[in-house]
Amino acid sequence: MTVFDRLFADSTLSQLQQKDTHDPLAHKRAEFKLPEGVIYLDGNSLGALPLRVSARILRVVEQEWGNQLIRSWTANAEAAQDWMQLPDRVAAKIAPLIGAQAHEVAVGDSTSVNIFKLLAAALKMAPSERHVILTDADNFPTDLYMAQGLNALLGGQYELRPVPSAELEAHLTEEVALTLLTEVDYRTGRKLDMAGLTAKAHKNGILTIWDLAHSAGAFPVDLNGTGADFAVGCGYKYLNGGPGAPSFLFVAQRHHDSAHAFLSGWMGHADPFEMAREFSPAPGARRYVVGTPTVLSLSALDAALDVFGDVDMNELRAKSLSLTDTFIELMEPLTAQYPLTLVTPQTHAERGSQVSYQHPQAQEVMQKLTQRGILGDFRTPDILRFGFTPLYHSHADVWRAVQGVKHVLEGSG
Ligand SMILES: Cc1ncc(COP(=O)(O)O)c(C=O)c1O
Ligand SMILES: Nc1c(O)cccc1C(=O)C[C@H](N)C(=O)O
(Lines give C-alpha, C1' and ligand atoms only; values in the text may rest on other atoms or scores of the structure.)
(Ligands and ions follow the chains in the order given, each with its own letter.)
Protein backbone atom coordinates (compact mmCIF):
# COMPACT_ATOMS: atom_id res chain seq x y z
CA MET A 1 0.00 0.00 0.00
CA THR A 2 1.35 3.46 -0.86
CA VAL A 3 1.11 6.30 1.68
CA PHE A 4 -1.66 7.84 -0.44
CA ASP A 5 -3.48 4.51 -0.60
CA ARG A 6 -3.33 4.28 3.17
CA LEU A 7 -4.49 7.85 3.69
CA PHE A 8 -7.36 7.34 1.29
CA ALA A 9 -8.24 3.97 2.78
CA ASP A 10 -8.21 5.30 6.33
CA SER A 11 -10.45 8.22 5.48
CA THR A 12 -12.84 5.84 3.72
CA LEU A 13 -12.86 3.62 6.78
CA SER A 14 -13.56 6.50 9.11
CA GLN A 15 -16.39 7.71 6.87
CA LEU A 16 -17.89 4.24 6.96
CA GLN A 17 -17.45 4.03 10.72
CA GLN A 18 -19.23 7.35 10.92
CA LYS A 19 -22.08 5.84 8.91
CA ASP A 20 -22.18 2.90 11.33
CA THR A 21 -22.79 5.26 14.25
CA HIS A 22 -26.20 6.08 12.68
CA ASP A 23 -27.08 2.43 12.09
CA PRO A 24 -30.48 1.70 13.71
CA LEU A 25 -29.66 -2.03 13.67
CA ALA A 26 -26.18 -1.78 15.18
CA HIS A 27 -27.37 -3.20 18.52
CA LYS A 28 -28.48 -6.46 16.89
CA ARG A 29 -24.91 -7.67 16.42
CA ALA A 30 -24.59 -8.31 20.16
CA GLU A 31 -27.36 -10.91 19.81
CA PHE A 32 -25.12 -13.20 17.74
CA LYS A 33 -22.09 -15.34 18.45
CA LEU A 34 -19.52 -14.18 15.90
CA PRO A 35 -15.99 -15.54 16.27
CA GLU A 36 -13.13 -13.06 16.72
CA GLY A 37 -11.14 -12.42 13.57
CA VAL A 38 -13.86 -13.64 11.23
CA ILE A 39 -15.91 -11.58 8.79
CA TYR A 40 -18.81 -13.87 8.09
CA LEU A 41 -20.19 -13.30 4.60
CA ASP A 42 -22.05 -16.58 4.32
CA GLY A 43 -25.26 -16.01 6.25
CA ASN A 44 -27.04 -16.71 2.97
CA SER A 45 -25.93 -20.33 3.28
CA LEU A 46 -25.90 -20.83 7.06
CA GLY A 47 -27.00 -17.97 9.28
CA ALA A 48 -24.83 -17.17 12.34
CA LEU A 49 -25.84 -18.42 15.78
CA PRO A 50 -28.20 -16.14 17.72
CA LEU A 51 -27.13 -16.34 21.39
CA ARG A 52 -30.68 -16.95 22.56
CA VAL A 53 -30.73 -20.22 20.60
CA SER A 54 -28.06 -21.80 22.84
CA ALA A 55 -30.01 -20.95 25.99
CA ARG A 56 -33.25 -22.23 24.47
CA ILE A 57 -31.75 -25.53 23.31
CA LEU A 58 -30.28 -26.11 26.75
CA ARG A 59 -33.71 -25.54 28.30
CA VAL A 60 -35.49 -27.81 25.84
CA VAL A 61 -32.98 -30.59 26.30
CA GLU A 62 -32.52 -30.41 30.06
CA GLN A 63 -35.98 -29.44 31.23
CA GLU A 64 -38.54 -30.15 28.55
CA TRP A 65 -37.03 -33.43 27.39
CA GLY A 66 -34.91 -34.40 30.40
CA ASN A 67 -37.39 -33.64 33.18
CA GLN A 68 -40.79 -33.34 31.57
CA LEU A 69 -40.32 -36.21 29.16
CA ILE A 70 -43.38 -37.16 27.10
CA ARG A 71 -45.53 -34.66 28.98
CA SER A 72 -43.88 -31.85 27.00
CA TRP A 73 -45.99 -32.59 23.93
CA THR A 74 -49.02 -31.13 25.67
CA ALA A 75 -47.75 -29.53 28.90
CA ASN A 76 -47.86 -25.78 29.36
CA ALA A 77 -50.09 -25.19 26.35
CA GLU A 78 -51.46 -22.10 28.08
CA ALA A 79 -47.91 -20.69 28.32
CA ALA A 80 -47.39 -21.60 24.63
CA GLN A 81 -44.69 -24.11 25.52
CA ASP A 82 -46.25 -27.39 24.36
CA TRP A 83 -44.35 -29.13 21.59
CA MET A 84 -47.49 -30.07 19.65
CA GLN A 85 -48.23 -26.50 18.62
CA LEU A 86 -44.60 -25.54 18.07
CA PRO A 87 -44.85 -25.70 14.24
CA ASP A 88 -47.81 -23.30 14.37
CA ARG A 89 -46.03 -20.90 16.71
CA VAL A 90 -43.00 -20.81 14.45
CA ALA A 91 -45.28 -20.32 11.42
CA ALA A 92 -46.85 -17.31 13.16
CA LYS A 93 -43.40 -15.74 13.62
CA ILE A 94 -42.40 -16.31 9.98
CA ALA A 95 -45.71 -15.01 8.58
CA PRO A 96 -45.06 -11.26 9.12
CA LEU A 97 -41.60 -11.57 7.54
CA ILE A 98 -43.11 -12.85 4.30
CA GLY A 99 -46.38 -10.91 4.11
CA ALA A 100 -48.53 -13.91 5.00
CA GLN A 101 -51.21 -14.73 7.56
CA ALA A 102 -50.16 -17.24 10.21
CA HIS A 103 -52.61 -19.90 9.01
CA GLU A 104 -51.16 -19.71 5.48
CA VAL A 105 -47.74 -20.91 6.69
CA ALA A 106 -46.62 -24.40 7.69
CA VAL A 107 -43.20 -25.21 9.15
CA GLY A 108 -41.35 -28.50 8.92
CA ASP A 109 -39.34 -30.73 6.58
CA SER A 110 -36.70 -29.42 4.18
CA THR A 111 -37.20 -26.89 1.42
CA SER A 112 -36.83 -29.69 -1.11
CA VAL A 113 -39.66 -31.72 0.46
CA ASN A 114 -41.87 -28.65 0.70
CA ILE A 115 -41.28 -27.92 -2.98
CA PHE A 116 -42.53 -31.43 -3.71
CA LYS A 117 -45.68 -30.90 -1.61
CA LEU A 118 -46.51 -27.65 -3.38
CA LEU A 119 -45.71 -28.91 -6.86
CA ALA A 120 -48.03 -31.87 -6.32
CA ALA A 121 -50.82 -29.65 -4.99
CA ALA A 122 -50.47 -27.04 -7.73
CA LEU A 123 -50.22 -29.51 -10.62
CA LYS A 124 -53.41 -31.18 -9.45
CA MET A 125 -55.16 -27.78 -9.43
CA ALA A 126 -53.95 -26.74 -12.89
CA PRO A 127 -56.10 -27.55 -15.97
CA SER A 128 -54.92 -30.90 -17.39
CA GLU A 129 -54.18 -29.48 -20.86
CA ARG A 130 -51.44 -27.32 -19.37
CA HIS A 131 -48.36 -29.52 -19.36
CA VAL A 132 -45.39 -27.17 -18.77
CA ILE A 133 -43.64 -26.38 -15.49
CA LEU A 134 -41.78 -23.16 -16.23
CA THR A 135 -38.58 -22.52 -14.33
CA ASP A 136 -35.43 -20.43 -14.42
CA ALA A 137 -32.55 -22.16 -16.21
CA ASP A 138 -30.28 -21.10 -13.33
CA ASN A 139 -32.65 -22.20 -10.59
CA PHE A 140 -31.16 -23.97 -7.58
CA PRO A 141 -30.71 -27.64 -8.55
CA THR A 142 -32.98 -29.11 -5.88
CA ASP A 143 -35.95 -27.17 -7.30
CA LEU A 144 -35.31 -28.76 -10.69
CA TYR A 145 -34.70 -32.21 -9.23
CA MET A 146 -37.92 -32.20 -7.21
CA ALA A 147 -39.90 -31.28 -10.33
CA GLN A 148 -38.13 -34.03 -12.29
CA GLY A 149 -38.85 -36.61 -9.57
CA LEU A 150 -42.52 -35.73 -9.26
CA ASN A 151 -42.92 -35.72 -13.02
CA ALA A 152 -41.44 -39.22 -13.17
CA LEU A 153 -44.01 -40.35 -10.58
CA LEU A 154 -46.74 -38.80 -12.73
CA GLY A 155 -45.63 -40.78 -15.76
CA GLY A 156 -43.69 -37.95 -17.39
CA GLN A 157 -46.83 -36.09 -18.44
CA TYR A 158 -45.23 -32.70 -17.74
CA GLU A 159 -42.37 -30.87 -19.38
CA LEU A 160 -39.98 -29.01 -17.09
CA ARG A 161 -39.03 -25.98 -19.18
CA PRO A 162 -35.96 -24.09 -17.91
CA VAL A 163 -35.50 -20.69 -19.60
CA PRO A 164 -33.11 -17.78 -18.91
CA SER A 165 -34.61 -15.39 -16.34
CA ALA A 166 -34.78 -12.54 -18.87
CA GLU A 167 -37.08 -14.69 -21.04
CA LEU A 168 -39.47 -15.89 -18.34
CA GLU A 169 -42.16 -13.36 -19.14
CA ALA A 170 -42.26 -14.30 -22.80
CA HIS A 171 -42.77 -17.95 -21.83
CA LEU A 172 -45.92 -17.37 -19.77
CA THR A 173 -48.14 -19.06 -22.36
CA GLU A 174 -51.30 -21.15 -22.22
CA GLU A 175 -49.25 -24.38 -22.15
CA VAL A 176 -47.86 -23.48 -18.74
CA ALA A 177 -49.43 -25.03 -15.64
CA LEU A 178 -47.21 -23.31 -13.10
CA THR A 179 -44.01 -21.39 -12.55
CA LEU A 180 -41.38 -22.63 -10.09
CA LEU A 181 -39.08 -19.67 -9.53
CA THR A 182 -36.52 -18.65 -6.95
CA GLU A 183 -36.89 -14.95 -6.22
CA VAL A 184 -33.18 -14.34 -5.59
CA ASP A 185 -30.68 -16.29 -7.70
CA TYR A 186 -28.31 -18.17 -5.38
CA ARG A 187 -25.31 -17.44 -7.61
CA THR A 188 -25.76 -13.91 -8.92
CA GLY A 189 -28.05 -12.42 -6.26
CA ARG A 190 -30.39 -11.24 -9.05
CA LYS A 191 -33.86 -10.56 -7.65
CA LEU A 192 -36.87 -11.24 -9.84
CA ASP A 193 -39.90 -8.97 -9.98
CA MET A 194 -42.21 -11.22 -7.97
CA ALA A 195 -45.22 -8.92 -8.18
CA GLY A 196 -44.89 -8.34 -11.93
CA LEU A 197 -44.29 -11.97 -12.84
CA THR A 198 -47.08 -13.22 -10.56
CA ALA A 199 -49.55 -10.75 -12.09
CA LYS A 200 -48.59 -11.76 -15.63
CA ALA A 201 -48.72 -15.46 -14.74
CA HIS A 202 -52.22 -15.04 -13.30
CA LYS A 203 -53.36 -13.12 -16.34
CA ASN A 204 -52.43 -16.20 -18.34
CA GLY A 205 -54.08 -18.67 -15.94
CA ILE A 206 -50.77 -19.86 -14.44
CA LEU A 207 -50.14 -20.73 -10.78
CA THR A 208 -46.94 -19.55 -9.10
CA ILE A 209 -44.59 -21.24 -6.63
CA TRP A 210 -41.88 -18.95 -5.24
CA ASP A 211 -38.71 -20.21 -3.57
CA LEU A 212 -37.80 -17.61 -0.94
CA ALA A 213 -34.59 -19.33 0.25
CA HIS A 214 -32.55 -16.15 -0.30
CA SER A 215 -35.38 -13.72 0.47
CA ALA A 216 -37.00 -14.57 3.81
CA GLY A 217 -35.25 -12.58 6.53
CA ALA A 218 -33.06 -10.81 3.96
CA PHE A 219 -35.62 -8.13 3.06
CA PRO A 220 -39.38 -7.61 3.46
CA VAL A 221 -41.38 -10.06 1.36
CA ASP A 222 -45.05 -9.42 0.67
CA LEU A 223 -46.58 -12.67 -0.58
CA ASN A 224 -50.19 -11.57 -0.20
CA GLY A 225 -49.42 -8.13 -1.60
CA THR A 226 -48.00 -9.74 -4.74
CA GLY A 227 -50.84 -12.26 -4.95
CA ALA A 228 -48.48 -15.27 -4.90
CA ASP A 229 -50.16 -18.67 -4.79
CA PHE A 230 -47.50 -20.78 -3.10
CA ALA A 231 -44.04 -20.31 -1.62
CA VAL A 232 -41.30 -22.14 0.26
CA GLY A 233 -38.21 -20.92 2.10
CA CYS A 234 -35.24 -21.96 4.23
CA GLY A 235 -34.98 -21.72 8.01
CA TYR A 236 -31.19 -21.90 8.17
CA LYS A 237 -30.14 -18.97 5.96
CA TYR A 238 -31.27 -15.43 6.81
CA LEU A 239 -33.65 -16.74 9.49
CA ASN A 240 -30.64 -18.13 11.40
CA GLY A 241 -32.41 -21.30 12.58
CA GLY A 242 -29.25 -23.43 12.47
CA PRO A 243 -27.90 -26.20 10.24
CA GLY A 244 -30.74 -28.16 8.66
CA ALA A 245 -33.38 -25.95 10.31
CA PRO A 246 -36.94 -26.70 9.23
CA SER A 247 -38.21 -25.04 6.10
CA PHE A 248 -41.53 -23.21 5.69
CA LEU A 249 -44.20 -23.26 3.04
CA PHE A 250 -46.99 -20.84 2.20
CA VAL A 251 -50.36 -21.59 0.63
CA ALA A 252 -52.57 -18.57 -0.04
CA GLN A 253 -55.80 -18.78 1.90
CA ARG A 254 -57.91 -18.79 -1.28
CA HIS A 255 -56.36 -22.17 -2.19
CA HIS A 256 -56.89 -23.90 1.14
CA ASP A 257 -59.88 -25.88 -0.07
CA SER A 258 -58.36 -26.89 -3.40
CA ALA A 259 -54.63 -27.41 -2.68
CA HIS A 260 -54.47 -31.05 -1.64
CA ALA A 261 -51.94 -32.19 0.97
CA PHE A 262 -50.69 -35.31 -0.81
CA LEU A 263 -48.05 -36.05 1.84
CA SER A 264 -50.91 -36.54 4.24
CA GLY A 265 -49.21 -37.49 7.48
CA TRP A 266 -50.89 -37.77 10.85
CA MET A 267 -49.51 -34.46 12.11
CA GLY A 268 -51.40 -32.67 9.36
CA HIS A 269 -54.64 -34.37 10.46
CA ALA A 270 -57.32 -32.25 12.09
CA ASP A 271 -57.14 -34.46 15.18
CA PRO A 272 -54.04 -36.69 15.14
CA PHE A 273 -54.93 -38.53 18.33
CA GLU A 274 -58.35 -39.47 17.05
CA MET A 275 -56.31 -42.15 15.25
CA ALA A 276 -58.93 -42.17 12.48
CA ARG A 277 -58.53 -44.36 9.40
CA GLU A 278 -59.25 -41.55 6.97
CA PHE A 279 -57.19 -38.39 6.61
CA SER A 280 -59.12 -35.23 7.50
CA PRO A 281 -56.91 -32.21 6.94
CA ALA A 282 -56.23 -29.76 9.73
CA PRO A 283 -57.50 -26.25 9.02
CA GLY A 284 -55.27 -23.99 6.94
CA ALA A 285 -51.65 -24.72 6.17
CA ARG A 286 -51.18 -26.99 9.21
CA ARG A 287 -52.37 -29.84 6.96
CA TYR A 288 -48.98 -29.71 5.19
CA VAL A 289 -47.13 -30.67 8.38
CA VAL A 290 -46.41 -34.35 7.83
CA GLY A 291 -44.80 -36.24 10.70
CA THR A 292 -43.71 -35.59 14.26
CA PRO A 293 -42.32 -32.06 14.61
CA THR A 294 -38.52 -31.95 14.96
CA VAL A 295 -38.65 -30.32 18.37
CA LEU A 296 -34.96 -29.48 18.84
CA SER A 297 -34.51 -27.79 15.49
CA LEU A 298 -37.93 -26.14 15.63
CA SER A 299 -37.06 -24.75 19.07
CA ALA A 300 -33.81 -23.35 17.69
CA LEU A 301 -35.66 -21.69 14.82
CA ASP A 302 -38.36 -20.42 17.18
CA ALA A 303 -35.73 -18.71 19.37
CA ALA A 304 -33.80 -17.43 16.35
CA LEU A 305 -36.92 -15.74 14.98
CA ASP A 306 -37.21 -13.66 18.15
CA VAL A 307 -34.19 -11.72 16.89
CA PHE A 308 -36.57 -10.16 14.35
CA GLY A 309 -39.05 -9.11 17.07
CA ASP A 310 -37.92 -5.47 17.16
CA VAL A 311 -36.57 -5.23 13.60
CA ASP A 312 -38.15 -2.92 11.06
CA MET A 313 -37.75 -4.89 7.83
CA ASN A 314 -37.68 -1.69 5.77
CA GLU A 315 -34.71 -0.51 7.82
CA LEU A 316 -33.12 -3.90 7.32
CA ARG A 317 -33.56 -3.63 3.56
CA ALA A 318 -32.15 -0.10 3.51
CA LYS A 319 -29.08 -1.26 5.41
CA SER A 320 -28.68 -4.34 3.20
CA LEU A 321 -28.63 -2.13 0.11
CA SER A 322 -26.22 0.28 1.73
CA LEU A 323 -23.86 -2.60 2.62
CA THR A 324 -24.00 -4.13 -0.85
CA ASP A 325 -23.67 -0.69 -2.52
CA THR A 326 -20.60 0.00 -0.37
CA PHE A 327 -19.08 -3.36 -1.24
CA ILE A 328 -19.65 -2.85 -4.97
CA GLU A 329 -18.20 0.65 -4.79
CA LEU A 330 -15.08 -0.36 -2.84
CA MET A 331 -14.53 -3.36 -5.12
CA GLU A 332 -14.79 -1.24 -8.27
CA PRO A 333 -11.06 -0.38 -8.56
CA LEU A 334 -10.24 -4.09 -8.19
CA THR A 335 -12.52 -4.99 -11.09
CA ALA A 336 -10.47 -2.63 -13.26
CA GLN A 337 -7.19 -4.24 -12.19
CA TYR A 338 -8.06 -7.94 -11.96
CA PRO A 339 -10.24 -10.37 -13.95
CA LEU A 340 -13.23 -9.79 -11.70
CA THR A 341 -16.67 -9.30 -13.23
CA LEU A 342 -19.60 -8.13 -11.16
CA VAL A 343 -22.58 -10.41 -11.88
CA THR A 344 -24.99 -8.90 -9.35
CA PRO A 345 -27.38 -6.26 -10.68
CA GLN A 346 -26.59 -2.67 -9.65
CA THR A 347 -30.27 -1.72 -9.70
CA HIS A 348 -31.63 -1.99 -6.18
CA ALA A 349 -34.95 -3.56 -7.17
CA GLU A 350 -33.03 -6.37 -8.88
CA ARG A 351 -30.65 -7.19 -6.03
CA GLY A 352 -31.01 -9.51 -3.04
CA SER A 353 -28.60 -9.27 -0.10
CA GLN A 354 -25.48 -10.70 -1.72
CA VAL A 355 -22.84 -9.59 -4.20
CA SER A 356 -21.11 -11.98 -6.59
CA TYR A 357 -18.21 -11.76 -9.02
CA GLN A 358 -16.88 -14.07 -11.66
CA HIS A 359 -13.17 -14.77 -11.43
CA PRO A 360 -11.28 -17.47 -13.37
CA GLN A 361 -9.62 -18.69 -10.14
CA ALA A 362 -12.66 -18.11 -7.93
CA GLN A 363 -12.20 -21.29 -5.91
CA GLU A 364 -8.57 -20.55 -5.09
CA VAL A 365 -9.37 -16.91 -4.25
CA MET A 366 -12.13 -18.00 -1.85
CA GLN A 367 -9.82 -20.53 -0.19
CA LYS A 368 -7.29 -17.77 0.46
CA LEU A 369 -9.97 -15.42 1.75
CA THR A 370 -11.17 -18.16 4.10
CA GLN A 371 -7.60 -18.52 5.42
CA ARG A 372 -7.73 -14.79 6.24
CA GLY A 373 -11.00 -15.25 8.14
CA ILE A 374 -13.19 -13.80 5.39
CA LEU A 375 -15.84 -16.44 4.89
CA GLY A 376 -17.79 -16.22 1.67
CA ASP A 377 -18.63 -18.88 -0.88
CA PHE A 378 -17.36 -20.30 -4.11
CA ARG A 379 -20.11 -21.47 -6.44
CA THR A 380 -19.32 -23.46 -9.52
CA PRO A 381 -18.01 -22.72 -12.08
CA ASP A 382 -16.37 -19.38 -11.28
CA ILE A 383 -18.45 -17.39 -8.79
CA LEU A 384 -17.23 -15.61 -5.68
CA ARG A 385 -20.27 -14.98 -3.51
CA PHE A 386 -20.46 -12.58 -0.56
CA GLY A 387 -23.63 -12.54 1.54
CA PHE A 388 -24.51 -9.51 3.67
CA THR A 389 -26.59 -9.75 6.81
CA PRO A 390 -27.70 -6.34 8.12
CA LEU A 391 -28.37 -7.82 11.57
CA TYR A 392 -24.67 -8.31 12.23
CA HIS A 393 -22.61 -6.54 9.58
CA SER A 394 -21.29 -3.01 9.72
CA HIS A 395 -19.98 -0.85 6.89
CA ALA A 396 -16.55 -1.18 8.53
CA ASP A 397 -16.82 -4.97 8.05
CA VAL A 398 -17.42 -4.34 4.36
CA TRP A 399 -14.27 -2.20 4.19
CA ARG A 400 -12.22 -4.91 5.95
CA ALA A 401 -13.58 -7.59 3.64
CA VAL A 402 -12.57 -5.58 0.57
CA GLN A 403 -9.06 -5.06 2.03
CA GLY A 404 -8.88 -8.84 2.37
CA VAL A 405 -9.92 -9.38 -1.25
CA LYS A 406 -7.35 -6.78 -2.32
CA HIS A 407 -4.54 -8.56 -0.44
CA VAL A 408 -5.47 -11.94 -1.88
CA LEU A 409 -5.65 -10.60 -5.45
CA GLU A 410 -2.35 -8.76 -5.02
CA GLY A 411 -0.87 -12.11 -4.15
CA SER A 412 -0.04 -11.08 -0.61
CA GLY A 413 -2.89 -13.13 0.79
C1 LIG B 1 -32.90 -21.52 -3.71
C2 LIG B 1 -32.72 -22.73 -2.83
N3 LIG B 1 -33.72 -23.63 -2.75
C4 LIG B 1 -33.59 -24.73 -1.99
C5 LIG B 1 -32.42 -24.97 -1.28
C6 LIG B 1 -32.26 -26.29 -0.57
O7 LIG B 1 -33.08 -26.50 0.45
P8 LIG B 1 -33.02 -27.77 1.41
O9 LIG B 1 -31.61 -28.25 1.47
O10 LIG B 1 -33.50 -27.21 2.71
O11 LIG B 1 -33.93 -28.78 0.87
C12 LIG B 1 -31.38 -24.04 -1.30
C13 LIG B 1 -30.12 -24.19 -0.55
O14 LIG B 1 -29.73 -25.19 -0.03
C15 LIG B 1 -31.53 -22.90 -2.13
O16 LIG B 1 -30.56 -22.00 -2.22
N1 LIG C 1 -27.96 -26.33 2.57
C2 LIG C 1 -26.62 -26.38 2.49
C3 LIG C 1 -25.94 -27.45 3.03
O4 LIG C 1 -26.64 -28.44 3.66
C5 LIG C 1 -24.53 -27.51 2.94
C6 LIG C 1 -23.85 -26.49 2.31
C7 LIG C 1 -24.51 -25.42 1.75
C8 LIG C 1 -25.90 -25.40 1.82
C9 LIG C 1 -26.64 -24.32 1.19
O10 LIG C 1 -27.57 -23.86 1.76
C11 LIG C 1 -26.27 -23.86 -0.13
C12 LIG C 1 -27.09 -22.70 -0.52
N13 LIG C 1 -28.50 -23.01 -0.71
C14 LIG C 1 -26.64 -21.93 -1.71
O15 LIG C 1 -27.29 -20.95 -2.02
O16 LIG C 1 -25.66 -22.22 -2.35
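First, the conventions. Residues are numbered from 1 along each chain as its sequence is written, and chains are lettered from A and ligands numbered from 1 in the order in which they are written. In this predicted model, local features need pLDDT of at least 70, side-chain atom pairs count only at pLDDT 80 or more, and totals for chains, interfaces and linings use all residues, while side-chain values use heavy atoms, with hydrogens and water left out.

Start with ligand 2. The residues around ligand 2, meaning those with a heavy atom within 4 Å of it, are Ser45, Phe140, Tyr186, His214, Tyr236, Lys237, Arg379 and Arg385. That shell divides into 3 nonpolar, 2 polar and 3 charged residues. Here Ala, Val, Leu, Ile, Met, Phe, Trp, Tyr, Cys and Pro count as nonpolar, Asp, Glu, Lys and Arg as charged, and the others, Gly among them, as polar.

Now the N and O distances. A polar side-chain atom of Lys237 sits 2.4 Å from a nitrogen atom of ligand 2. For Arg379, a side-chain N or O atom is 2.7 Å from an oxygen atom of the ligand, and for His214 the corresponding distance to a ligand oxygen is 3.1 Å. Ligand 2 taken alone exposes 380 Å², of which the protein buries 58%; areas come from the Shrake-Rupley method with a 1.4 Å probe, and for residues only the protein chains shown count as cover.

Next, salt bridges: a side-chain nitrogen of Lys or Arg within 4 Å of a carboxyl oxygen of Asp or Glu. The structure holds 26 of them. In one, Asp302 meets Arg56 at 2.9 Å, N to O. That pair links helix α8, which holds Asp302, to Arg56 in helix α2 (residues 51-67), 246 residues apart. Helices are DSSP runs of H or I, at least four residues, and strands are runs of E, at least two, numbered from the N terminus.

Are these two partners buried or exposed? Buried means under 20% relative accessible area, exposed over 50%, partly exposed in between (1.4 Å probe, protein chains only). Asp302 is buried at 5%, and Arg56 counts as buried at 14%.

Lys117 and Asp109 also form a salt bridge, with their closest N and O atoms 2.6 Å apart. Lys117 counts as buried at 6%, whereas Asp109 is partly exposed at 33%.

Back to helix α8 (residues 295-305), which includes Leu296. Leu296 is partly exposed, at 39%.

Conventions: Polar contact = N/O pair within 3.5 Å; in protein donor to acceptor, adjacent residues only side chain to side chain.
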